[in-house]
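Here is a friendly walk through one model, in questions and answers. Have the viewer open as you read.

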Amino acid sequence: MPRFAALNAPRATLSAAALAAMVMGHAAWAAPVVKPAAPATAASAPGAAAPEAPRVPEQSSLDGQLFYQLLIAEIQANGGDAGSAYQLYLDAARRHQSGQLYQRAVEIALRARAGEQALSAAKAWRQALPQSRDAAEFTSQILIVLGRPGELAAPLRALIQLTPTPQQPQVLANLPRSLARLSDRQVAAQVLDEATQPWRQPPLEMAEAWAASGEAWLMAKQLPKAMAATRKALALQPDLLTANLLAADMIGQQPDAEALVKQRMSRADAPPLLRLAYARRLASSQRYEEAATQLDELVKVQPEQTGHWILLAAVRLELRQTDAAEAALKQVLARTEPAAATPAQPAQSAPNSNAGNTGSTATVSGDLNLDKDREQAYLLLAQLDDLRGKRAEALRWLELADPRHEKMAVQSQRARLLAQQGKVADARALLRGLPESEPRDAITKAQAEVQLLRDLGQLPEAYKVLEQASARHPDDHELQYDLAMLAEKLKRFQDMERLLRRVIELAPDNPNAYNALGYSLADRKVQLDEARALVEKAAALKPADPFITDSLGWVAFRQGRLDDAVKLLREAYTARPDTEIGAHLGEVLWVQGRKDEALRVWRESQTRDRDNDTLKETLQRLGAAL
């Protein structure tokens, strides 16, 4: 019999009894063993009910020929001959129209990593037993793994149809993540829409089907389609959480997304998960005051969730509200330590007076999530004391966060504090001495050292360190990109352009490289047509990104398209009120003669980052005084 080329199943040793039991387990029609009723005895009580007549066992469909066929198949499967076992099971399944035998044939092929044979058996199973939900599910899963989207819609549709109605919403909700294994996300979204089409129109129309479509199109970065599907889902079911979360994901990228979220948030039963997603989106857009308001409400509803307090503290730190940040972090320490720690006296684990109670405290229980939250709280407390000018206390918080001095995030912050005290050599030595558990760690260490030097204004030295790391890892596109950005800072524009073109060669789907090169050309007023093409390519790869939209607006400004420039820059600034975007928007308004509006935008931007180089250079060049 044919075998699967170069594929062997694991060997196992089984007794004849075990093999027989295995075979019987795969025979759907094998009747259960029925014990005969106990015979009546003279001791039976007078008047007792007559015993039931003995039940006659049903005749099993497992005849001798099939029994031995399956027995041989199992012996061959466990002996390494998966191909022969597969053929025996598939032949038996076809002759007896048995779903369990088809499934066993599929499983043997999958175990041998023979995808095409598994798919062939699953298709035969679906054809023989079209009402089998398992057949549809196996076929769908195998097609996804094999990357065969052209054949997926029909089995996926059958899978939904054959699922009991109460469970269909969950199946629909899981589809986008299942199809995310396909390499082409746009094709995956098209397959999902084709499969769910009956459930996106009357009479079967379901909000969950529209939400699944929206999620798939969002994964494919087709935001207008994702938004349209999300609106449909919310029109059918306004409180559907998945659809509301989709709308939150598109805030700042689609005009009406935030309005939909606010509509749901205005209700007393607004779900905490949606409030958290909304707060995160606001924080990532630098709308910190609004984010803090949402998080204040969230910790009232879920005060036990330490992650909420940590995010609130981080937002308060961005607002330089140190007392409020400290109050939030104390909540974290109160929930993750037996007693609150201080920089001078680290908290100790409470003695375990009850040896049988392993969950008496967060420390004793060893809860990894709480440990992580406590570490994050220490890091934020270090930042807080750094803002207050208490660098010695900040260093002690970092000691609590990483007493073994091996975590990159903690030690990078520690190195920065040392450098601020003038101990630059010690700071660099600390970073270079960190352990490397995997090859990528060497790159991460170099990047941390470069960031330290950049913060100190030592750009030529940072360039030297990064150049050495790039020479050791010439195909690492992240290093090449970082080096290009430093070259721009040093006005080494030819080097920057060469490096960015190398990044595009190494990572052709990296939108940042196209955007950076296009922006730089436009900013220097050279090759403006190419600049526009590069930034448009970046926008195609990452639609609605505010920084790329800013670059599109800057290119339009350099090309003299002032109205287009204002429209694009205003769109970018609304989505993300970043200081540099504000500097650009203000300059275009200034050139248009709308100086009062320009000054207003610049003042807003200055409150966010007074030391921003782009804003300061713009004001000085234009002679504008705030």
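Q: Which residues in α27 meet which residues in α28?
A: Before the list, a word on conventions: this is a predicted model in which local features need pLDDT of at least 70 and side-chain atom pairs count only at pLDDT 80 or more, while totals for chains, interfaces and linings use all residues. Residues are numbered from 1 along each chain as its sequence is written, and side-chain values use heavy atoms, with hydrogens and water left out. Helices are DSSP runs (H or I, at least four residues) numbered from the N terminus, and contact means heavy atoms within 4.5 Å. On that basis, Pro 511, Tyr 514, Asn 515, Leu 517, Gly 518, Tyr 519, Leu 521 and Ala 522 in α27 meet Leu 528, Glu 530, Ala 531, Leu 534, Val 535, Lys 537, Ala 538 and Leu 541 in α28.

Q: Is α27 roughly parallel or roughly antiparallel to α28?
A: Axes here are lines fitted to C-alpha atoms, for helices over the stretch in contact, with angles from 0 to 180 degrees between N-to-C directions. The axes of α27 (residues 511-523) and α28 (residues 528-541) come within 8 Å and cross at roughly 155 degrees. Angles under 35 degrees count as roughly parallel, over 145 as roughly antiparallel, 65 to 115 as roughly perpendicular and the rest as oblique. That makes the two helices roughly antiparallel.

Q: Which residue lies over the face of Trp 210?
A: This is another charge over a ring, with a distance to the ring centre of 5.1 Å. The residue over the face of Trp 210 is Arg 200.

Q: At what angle do α26 and α27 pack?
A: Helix α26 (residues 493-506) has its axis 9 Å from that of α27. The contact is made by residues including Phe 493, Met 496 and Leu 500 of α26 and Ala 513, Tyr 514 and Leu 517 of α27. The two are roughly antiparallel, and their packing angle is about 150 degrees.

Q: How is α25 oriented relative to α27, roughly parallel or roughly antiparallel?
A: Helix α25 (residues 477-489) packs with α27 at about 15 degrees, with the axes 11 Å apart. Tyr 481, Met 485 and Glu 488 in α25 meet Asn 512, Ala 513, Ala 516 and Ser 520 in α27. By its angle, α25 is therefore roughly parallel to α27.

Q: How many aromatic pairs are there?
A: Rings of Phe, Tyr and Trp (its six-membered ring) pair if their centres lie within 6.5 Å; planes under 30 degrees apart count as stacked, over 60 as edge-to-face and the rest as tilted. One of the pairs is Phe 67 with Tyr 68, edge-to-face at 5.3 Å centre to centre and 85 degrees between the planes. By this rule, the count is 5.

Q: Why is the pair of Tyr 378 and Trp 397 stacked, and which helices hold the two residues?
A: Their ring centres are 5.7 Å apart and their planes are at 25 degrees, so the pair is stacked.

Q: Is Tyr 378 buried or exposed?
A: Buried means under 20% relative accessible area, exposed over 50%, and partly exposed in between (1.4 Å probe, protein chains only). Tyr 68 has 51% and is exposed. With 6%, Tyr 378 is buried.

Q: Where is Arg 320 found?
A: Phi of Arg 320 is near 60 degrees, a positive value in a residue other than glycine. With a relative accessible area of 55%, Arg 320 is exposed. Its place is the loop between α16 (306-318) and α17 (322-336).

Q: What is omega for the cis peptide bond that joins Pro 202 and Pro 203?
A: Pro 203 is in the loop between α9 (185-196) and α10 (207-219). For the cis bond joining Pro 202 to Pro 203, omega is about 5 degrees.

Note on methods. Lys NZ or Arg CZ within 6 Å of the ring centre and 35° of its normal.
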